[in-house]
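Hi everyone, and thanks for coming. Please have the sequence and the 3D view open while I talk, and stop me whenever you like.

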Amino acid sequence: MVDLPRRSLLAGIAALGASACAKINDSEAAGSLFKAAEDGHRVLHRALAGKQGLAKEFRPDQRSPTFRGNGSVTVADPFYQEQLAKGFPDWKLEVRGLVEKPLALGLADLKALPQRIQITRHDCVEGWSAIGEWQGVQLGALLDAAKVKESAKFIVFRCADTLYGRDYYESIDMVDAYHPQTIIAHSLNSEPLPEKNGAPLRMRIERQLGYKQAKYVKAIEAVTSFAQIGQGGGGFWEDVAGYQWYAGV
Ligand SMILES: Nc1nc2c(c(=O)[nH]1)N[C@H]1C(S)=C(S)[C@@H](COP(=O)(O)O)O[C@H]1N2
Ligand SMILES: [Mo]
């Protein structure tokens, strides 16, 4: 890509970001302005990255020595704790909603499918980053196996934890769902995921920010709309704090 248009696109994104922040929560009208700015951000971001643009991948020696846990770092549910202690022998990941063939997959089933390994940087809006190596199955492969229907517009991730008394959840669109670096990961740095990082399964959606990386995923749901889920924002932090639904890095 040539330098000049890229710069002006970046400037456009920065300007949209600034106005979105300034106007957020001011009034009802601000809500729709914010939405418009967010849509603009998404369109610009995608124009810049290209529909299938890849997030940067790193070398093994660039991995962070420790990958901190953030948000929920433990899950209260007794079945979860029992399974954690045993290595999740009876844990099932459901693929459901707008699919022709609903699935319930164990960890061994997922490990038997084609694997992707990627070393990427995680960026949290709270101001920290970490580089880790993730291994798992491409979400697109699971959606194909479940025969996701044409009518599905979004994929929702249901998590086993609660934060501030609410179920954690997240959602992405079908472009990100089928992105090659969107995987459901079972390992971090060649070890099974620790509890603090989302055991036994968590999402990696590498072109988006930390809060989109749902941990403790127990179900993947294909839907036409997320308006009726939670408060309709498409995710826990979107509902609780008005974070952007499309959180491009
Ligand atoms: N289920 C669940 N997923 C979650 C969170 C959470 O609290 N619960 N926190 C999010 C946030 S804000 C970040 S930065 C990352 C943190 O991932 P880590 O704990 O592996 O560092 O997980 C995200 N996914
Ligand atoms: Mo975060």
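**A walk through the fold**

Let's begin at one residue, Ala222. If we set aside its neighbours within four places in sequence, Ala222 is in contact with Arg96, Gly97, Leu98, Val99, Val148, Ala152, Phe154 and Ile155. You can find Ala222 in strand E10, which covers residues 217-223. Is Ala222 buried or exposed? Its relative accessible area is 3%, and because buried means under 20%, Ala222 counts as buried. Now look at one of those contacts, Ile155. Ala222 and Ile155 are 67 residues apart in sequence, yet their C-alpha atoms are 4.7 Å apart in space.

Before we go on, please keep in mind that this is a predicted model.

Let's zoom out to the whole chain. The protein chain has seven helices and 10 strands. Of its 249 residues, 47% are buried. The accessible surface comes to about 12000 Å², and carbon and sulfur atoms account for 56% of that. There is also a number for contacts across the sequence. Take the contacts between residues at least 6 apart in sequence: 70% of them join residues at least 24 apart. The pair of Ala222 and Ile155, 67 residues apart in sequence, gives you a picture of what that kind of separation looks like.

Next, let's follow some strands. Start with E3, residues 116-124, where seven of the nine residues are buried. E3 runs antiparallel to strand E4, residues 128-138, and nine bridges join the two. To see the pairing in your viewer, find Arg121, which stands opposite Ile131 in E4. E3 and E4 form a hairpin with three residues between the strands, and there Gly127 takes a positive phi near 105°.

How many of the residues of E7 are buried? E7 spans residues 182-188, and seven of its seven residues are buried.

Four bridges join E7 to strand E9, residues 202-205, in an antiparallel arrangement. Ile184 turns up again here, with Met203 as its bridge partner in E9. Two bridges also join E7 to strand E8, residues 191-192, and these strands run antiparallel too. In that pairing, Leu188 stands opposite Glu191.

Let's stop at the turn of that hairpin. Two residues lie between E7 and E8, and Asn189 is in the turn. Phi of Asn189 is near 50°, a positive value in a residue other than glycine. Asn189 counts as partly exposed, at 23% relative accessibility.

Where Asn189 is partly exposed, Tyr216 is buried, with a relative accessible area of 1%.

While we are looking at loops, here are two further stops. In the loop between E8 and E9 you will find Pro200, and the peptide bond from Ala199 to Pro200 is cis, with omega near 0°. Then there is Lys101, in the loop between strand E1 (93-97) and strand E2 (103-105). Lys101 is partly exposed, with a relative accessible area of 43%. Not counting residues up to four places away in sequence, Lys101 touches Ala145, Ala146 and Lys147.

Finally, let's look for empty space inside. Rolling a probe the size of a water molecule over the atoms shows where empty space is left. The structure holds one cavity of 30 Å³ or more. About 320 Å³ of space lies in the largest cavity. Which residues lie nearest its centre? The lining has 26 residues, and Asn70, Gly71, Tyr168, Gly210 and Lys215 are the ones nearest the centre. The elements that give two or more residues to this lining are E3 and strand E5 (154-163). E5 gives the largest share, three residues. By type, the lining divides into 12 nonpolar, eight polar and six charged residues.

Conventions
Residues are numbered from 1 along each chain as its sequence is written. Chains are lettered from A and ligands numbered from 1 in the order in which they are written. This is a predicted model: local features need pLDDT of at least 70, side-chain atom pairs count only at pLDDT 80 or more; totals for chains, interfaces and linings use all residues. Side-chain values use heavy atoms; hydrogens and water are left out. Buried means under 20% relative accessible area, exposed over 50%, partly exposed in between (1.4 Å probe, protein chains only). Two strands pair if DSSP finds at least two bridges between them. Contact means heavy atoms within 4.5 Å. Accessible areas come from the Shrake-Rupley method with a 1.4 Å probe; for residues, only the protein chains shown count as cover. On a 1 Å grid over the protein atoms alone, a cavity is a set of points where a 1.4 Å probe fits but cannot get out, and a pocket is an open set with protein on both sides within 12 Å along at least five of seven lines; lining residues have an atom within 4 Å of a point. Grid points are joined across faces, edges and corners, and a volume is the space filled by probe spheres set on the points. Ala, Val, Leu, Ile, Met, Phe, Trp, Tyr, Cys and Pro count as nonpolar, Asp, Glu, Lys and Arg as charged, and the others, Gly among them, as polar.
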